[in-house]
Amino acid sequence: MNIHLYLYPKMRIRDENKEATIREKALEMIVKEGFDGLSMHKLAKAAGVSPATIYIYFKNREDMVQQLFKAAQEAFARTALRNFDPNASLEDGLWVQWKNRLRYIEENPFYFKFYEQFTNSHLINHKSVDMSEFKENMMLFVKNAIKRGELTRMEPEIFWSVAYGSFYSLVKFHLQEKKMMSETFKLTDAKLKQTLSMVVKALKPETK
């Protein structure tokens, strides 16, 4: 703990703008340099604050990573559930999910990279993040689709891989503007719709 703040706890004044800047610069630093590259002194310089200021908002580096991960998860859940109806058809529901997830990634590119980097890290306590509403909606959506005969019953990991694997691959091509052929790839609604159509067909039960 910073000794100055320990001796003078009443002097701790929270400033939302400073906290937002510290979080933003920490995300950038972690994404670019990894957790080991995150130094409180470097972060303070990047955020334009003193190192002591950082400890007003975070106990230590581990606490900072936990809080950033929690914020990323909560922002993702809010965006993913926007206008999403778990009673929608498989195709309509997946379309809303794809569009919402793309919006989240485009609005929060560092959150997306940070999440990918740390989702399986021992530094993250997943129990601290309440995703119950999001999970309940996703489970209900899948159950309804199975009940209507739109979706083959399968293990959740297989469903996720088919339903979202191709989407996230396209997003990575889009973000990196990565070329496989001669032209730079840009993700459009038409390309998403084309891919979604193939995904929905792959998820449907086989007709006898």
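Predicted model: local features only at pLDDT ≥ 70, side-chain atom pairs only at ≥ 80, totals over all residues.

**Charges, contacts and confidence**

Trainee: Is glutamate 136 buried or exposed?

Mentor: Glutamate 136 is exposed, with a relative accessible area of 55%. The cut-offs are under 20% for buried, over 50% for exposed and partly exposed in between, using a 1.4 Å probe and protein chains only. The areas themselves come from the Shrake-Rupley method, with only the protein chains shown counting as cover for residues.

Trainee: OK, back to glutamate 136. Which element is it in?

Mentor: Helix α8 is where glutamate 136 is found. Helices here are DSSP runs of H or I with at least four residues, strands are E runs of at least two, and both are numbered from the N terminus.

Trainee: Which residues make up the negative surface patch?

Mentor: Glu74, Asp130, Glu133 and Glu136 form it. Patch residues have over 30% relative accessible area and no salt bridge, with like charges joined within 9 Å and nonpolar side chains (Val, Leu, Ile, Met, Phe, Trp, Tyr) within 5 Å. Asp and Glu count as negative, Lys and Arg as positive, and His and the chain ends are not counted. Each charge is placed at NZ of Lys, CZ of Arg, CG of Asp or CD of Glu.

Trainee: And why does glutamate 133 count as exposed?

Mentor: Because its relative accessible area is 54%. Glutamate 133 also lies in helix α8, which covers residues 132-147.

Trainee: How far is glutamate 136 from proline 86?

Mentor: They're 50 residues apart in sequence, but 9.2 Å apart in space, C-alpha to C-alpha.

Trainee: Switching to salt bridges. How many are there?

Mentor: Searching the whole structure turns up 5. A salt bridge needs a side-chain nitrogen of Lys or Arg within 4 Å of a carboxyl oxygen of Asp or Glu. One of them joins lysine 99 and aspartate 189, at 2.7 Å from N to O. That pair links distant parts of the chain, with lysine 99 in helix α6 (residues 90-107) and aspartate 189 in helix α10, 90 residues apart.

Trainee: What does lysine 172 pair with?

Mentor: Glutamate 116, with the closest N and O atoms 3.5 Å apart. Lysine 172 sits in helix α9 (residues 156-176) and glutamate 116 in helix α7 (residues 109-118), so this bridge ties together parts 56 residues apart in sequence. There's also one between lysine 42 and glutamate 33, at 2.6 Å from N to O.

Trainee: Now for the loops. Where does leucine 38 sit?

Mentor: In the loop between α2 (16-33) and α3 (40-47). Leucine 38 is buried, with a relative accessible area of 2%, and its C-alpha is 7.8 Å from that of arginine 61, 23 residues away in sequence.

Trainee: What about the chain overall?

Mentor: It has 10 helices and 0 strands, and 42% of its 208 residues count as buried.

Trainee: Which element has the lowest mean pLDDT?

Mentor: Helix α1 (residues 3-7), with a mean of 50, whereas helix α10 (residues 189-203) has the highest, 97. pLDDT is the predictor's confidence in each residue, from 0 to 100. The chain mean is 87, and 88% of the residues reach 70 or more.

Key: Residues numbered from 1 in each chain as written. Heavy atoms only, no water. Areas by Shrake-Rupley, 256 points an atom, 1.4 Å probe, with all protein chains shown as cover.
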